[in-house]
Amino acid sequence: MELKIEPVSAKNRKSVLALTAAPGQEGFVETPAACLREARRLRLWRPVAILAEQTVIGFAMYGFFPREGANGRVWLDRLLIGGGQQGKGYGKAAIGLLIDRLRREYGCGEVFLSCYPQNTAAMRLYQKLGFAPNGEKDINGEDVLVLPLAETGNSGKPGGIS
């Protein structure tokens, strides 16, 4: 499966805005429209479309927040694989691509994300990929998870992502 990530643009915006969560997941992630509004207000966010071939199948936002923690924090946030595209391995593949992008773009040693504990499928996936709860809650009451990025390794992939 070939996935790619590209910034949300006039070319893909309509497809990004059409993405919806699977039934039962609606409250776990903000809509792409709400995320894009937030990214316009807070320029630290980088909204991206996730494409399989030329089809938008997902959305995410990421950014570096310099006032968080001792040295700032890089956040991977708002990951949404469209409801009709789930169960195909896209989530795992997209996280791998996003982690690689964050490592290159920010040179970070760790990546943070947050997830509602009752979103058990997402929590299982994040933990399988090496993210671990750090005991914090975000402003929405979500558990904060962190992935330490290996400095070197055979695969070059962080947290066991392959």
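Which element gives the most to the lining of the largest pocket? Strand E4 does, with seven residues. The model is a predicted one: local features need pLDDT of at least 70, side-chain atom pairs count only at pLDDT 80 or more, and totals for chains, interfaces and linings use all residues. Residues are numbered from 1 along each chain as its sequence is written, and side-chain values use heavy atoms, with hydrogens and water left out.

Start with the pocket. A pocket here is an open set of points on a 1 Å grid over the protein atoms alone, where a 1.4 Å probe fits, with protein on both sides within 12 Å along at least five of seven lines; lining residues have an atom within 4 Å of a point. The largest pocket holds about 920 Å³ of space. That volume is the space filled by probe spheres set on the points, which are joined across faces, edges and corners. Its lining has 39 residues. Val29, Arg78, Leu79, Ser114 and Tyr126 lie nearest the centre. Strand E4 (73-81), helix H3 (90-106), strand E5 (110-115) and helix H4 (120-128) each give two or more residues to the lining. Helices (H or I, at least four residues) and strands (E, at least two) are DSSP runs, numbered from the N terminus. The lining divides into 21 nonpolar, eight polar and 10 charged residues. Nonpolar covers Ala, Val, Leu, Ile, Met, Phe, Trp, Tyr, Cys and Pro; charged covers Asp, Glu, Lys and Arg; the others, Gly among them, are polar.

Now the core. In soluble globular proteins, nonpolar side chains tend to be buried together. A nonpolar core is a set of buried Ala, Val, Leu, Ile, Met, Phe, Trp, Tyr and Cys residues joined through side-chain atoms within 4.5 Å. Buried means under 20% relative accessible area, exposed over 50%, and partly exposed in between (1.4 Å probe, protein chains only). The largest nonpolar core has 30 residues. Ile50, Leu79, Leu98, Ile99, Val111, Tyr126 and Phe131 touch the most other members. Elements that each supply at least two residues of this core include strand E1 (3-7), strand E2 (45-52), strand E3 (55-65) and strand E7 (143-148). H3 gives the most, with six residues. A second, separate core of 20 residues includes Leu36, Ala39, Trp75 and Val146.

Phe131 shows the packing in detail. Leaving aside neighbours within four places in sequence, Phe131 is in contact (heavy atoms within 4.5 Å) with Ile95, Ile99, Val111, Leu113, Tyr126, Leu145, Val146 and Leu147.

Turn to H4. Ala122, Met123 and Tyr126 are buried in this helix. They sit on the same side of H4 because they cover an arc of only 100 degrees around the axis. The arc is that of the directions from the helix axis to the C-beta atoms. These buried residues pack against E4, H3, E5 and E7. Exposed Arg124 and Lys128 are on the face turned away from the buried side. Just after H4, Gly130 takes a positive phi of about 105 degrees.

Asn12 is in the loop between E1 and helix H1 (13-17). Asn12 counts as buried, at 3% relative accessibility.
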